[in-house]
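Take a first look at the sequence and the model before reading on. The report then walks through the parts one by one.

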Amino acid sequence: MRADPIVPFTPGGRERAAPGSCLPPRLTFVQDIPMPRFAANLSTLFTDRPLEERFKAAAACGFIQFPYALLPERVGDLVAMNGLELAVFNAPPGDWAAGERGLAALPGREEEFRDSIELALTYTDLTDCFRLHVMAGVVEDEDLWPEALDTYTANLAWAAERCAEEDVKVVIEAINTGDMPGYFLQRPDDAVQVLEAVDHDNLALLYDLYHAQIIQGGLTDFIETHLENIAHIQVAQVPGRHEPDQGGEINWPYLFTLLDAHGYSGWIGCEYLPRTTTEAGLRWARDFGLSAP
Ligand SMILES: O=C(O)C(=O)[C@H](O)CO
Ligand SMILES: [Mg+2]
């Protein structure tokens, strides 16, 4: 990763936590495992700039939700020009303005779902991105859930297979229904069941600690039980979905050290809503030895 001075999340040079400083007693500290790698979500951070300019602002932090406002070639150029690595983005979610939040669990939309994956793959190809979040969709009527579940698992099986051909891992994320009413995949434990039902090694979890804390809790147990199936992590403090700092109920030093101690080597996506400006809010990063401005 490059060490651009304006880059807030450069992991180089950070101090290791003292052995045992905030580790749970049952863990052994291992010196050689990498510290978490942080990635910036360009849909929630640097939003005072147009999308194209956020790439530069976040250089070397790569993470973006929906790049579809730009052509795939342009996204590829912006990623390359700014020396970024794109950690993950979402497949097209359907008609977002009309309230849609993904297509995968929507019966009757299978053809559109497959087209959306093909479109997403043109972006992953031109940006060298290897993870794609496939959103389930909103299914308000509980009577429709059995059919939605069948559709969801069949669509995910197809997507996992198709994306495997392009070396792109499909991830699914449980999202709390306070933030996204009616969202079909609500609890991390449900996501694990879906993973087991689909049973494809190209399907993994995106574990969003903000949603998980709100809807299920038990962050430590979940991480310790399911880390091998977690391909991406996202963070924001509860309540408020703000910076992962000390202003809320999640203990970040503990969790980051826990992930580190278990050898998590994936990205941690900073998907939060800055309390003021992105730059001012990056003070939290200094607490983790990162070069925040
Ligand atoms: O809402 C979230 O937490 C997400 O990560 C989705 O990808 C986009 O809304
Ligand atoms: Mg998320």
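What follows covers the sheet, the ligand site, the annotated residues and a few backbone details.

**The sheet**

This is a predicted model. Seven strands form an open sheet. Their order is β1-β7-β6-β5-β4-β3-β2, and the pairing is parallel. β1 (37–40) and β2 (89–90) are the edge strands; each has a single partner, so one side of each lacks a neighbour in the sheet. Helix α4 (residues 145–165) packs on the sheet. It touches β3 (131–133), β4 (169–173) and β5 (203–208). The direction of α4 makes about 145 degrees with that of β4.

Now take strand β6 (residues 230–235). Five of its six residues are buried, so β6 is largely enclosed by the rest of the structure. It pairs with β5 in the parallel sense over four bridges. Across that pairing, Leu206 has His232 of β6 as its bridge partner. β6 also pairs with β7 (residues 267–270), again in the parallel sense, over three bridges. Here Ile233 is bridged to Ile268 of β7. Gln234 has Gly269 of β7 as its bridge partner.

**The ligand site**

Which residues surround ligand 1? They are Gln65, Asn90, His133, Glu173, Ile175, Asp208, His211, Gln234 and Glu271. By class, this shell holds one nonpolar, five polar and three charged residues.

**The annotated residues**

Two members of that shell, Glu173 and Glu271, carry the annotation "active site" in an unreviewed UniProt entry. They span 99 residues in sequence, yet no two of their C-alpha atoms are more than 13.1 Å apart, so they gather at one spot.

Glu173 lies in strand β4. Leaving aside neighbours within four places in sequence, Glu173 is in contact with His133, Leu206 and Asp208. Glu271 sits in the loop between β7 and α9 (278–281). Not counting residues up to four places away in sequence, Glu271 touches Asn41, Thr44, Asp208, Gln234, Val235 and Ala236.

| Residue | C-beta neighbours inside 10 Å | Class |
|---|---|---|
| Arg241 | 17 neighbours | partly exposed |
| Asp189 | 15 neighbours | partly exposed |

Asp189 is part of helix α5 (residues 188–198). In sequence, Asp189 and Thr225 are 36 residues apart. In space they are 11 Å apart, C-alpha to C-alpha.

**Backbone details**

Most residues other than glycine have a negative phi, and most peptide bonds are trans. Some places in this model depart from that pattern. Asp128 has a positive phi of about 55 degrees although it is not a glycine. Asp128 is in the loop between α3 (110–127) and β3. Arg241, also not a glycine, has a positive phi of about 60 degrees. Arg241 is placed in the loop between β6 and α8.

Where does Pro239 lie? Pro239 is in the loop between β6 and α8 (252–261). The peptide bond from Val238 to Pro239 is cis, with omega near 0 degrees.

Key:
Residues are numbered from 1 along each chain as its sequence is written. Chains are lettered from A and ligands numbered from 1 in the order in which they are written. This is a predicted model: local features need pLDDT of at least 70, side-chain atom pairs count only at pLDDT 80 or more; totals for chains, interfaces and linings use all residues. A residue is near a molecule or strand if its C-beta atom, placed from the backbone, lies within 6 Å of it. Ala, Val, Leu, Ile, Met, Phe, Trp, Tyr, Cys and Pro count as nonpolar, Asp, Glu, Lys and Arg as charged, and the others, Gly among them, as polar. Two strands pair if DSSP finds at least two bridges between them. Helices (H or I, at least four residues) and strands (E, at least two) are DSSP runs, numbered from the N terminus. Two residues are in contact if their C-beta atoms, placed from the backbone, lie within 7 Å. Axes are lines fitted to C-alpha atoms, for helices over the stretch in contact, and angles run from 0 to 180 degrees between N-to-C directions. UniProt positions are given in the numbering used here, feature names are shortened, and annotations may be inferred rather than shown by experiment. A residue is buried if 20 or more other C-beta atoms lie within 10 Å of its own, exposed if 12 or fewer, and partly exposed in between; C-beta atoms are placed from the backbone.
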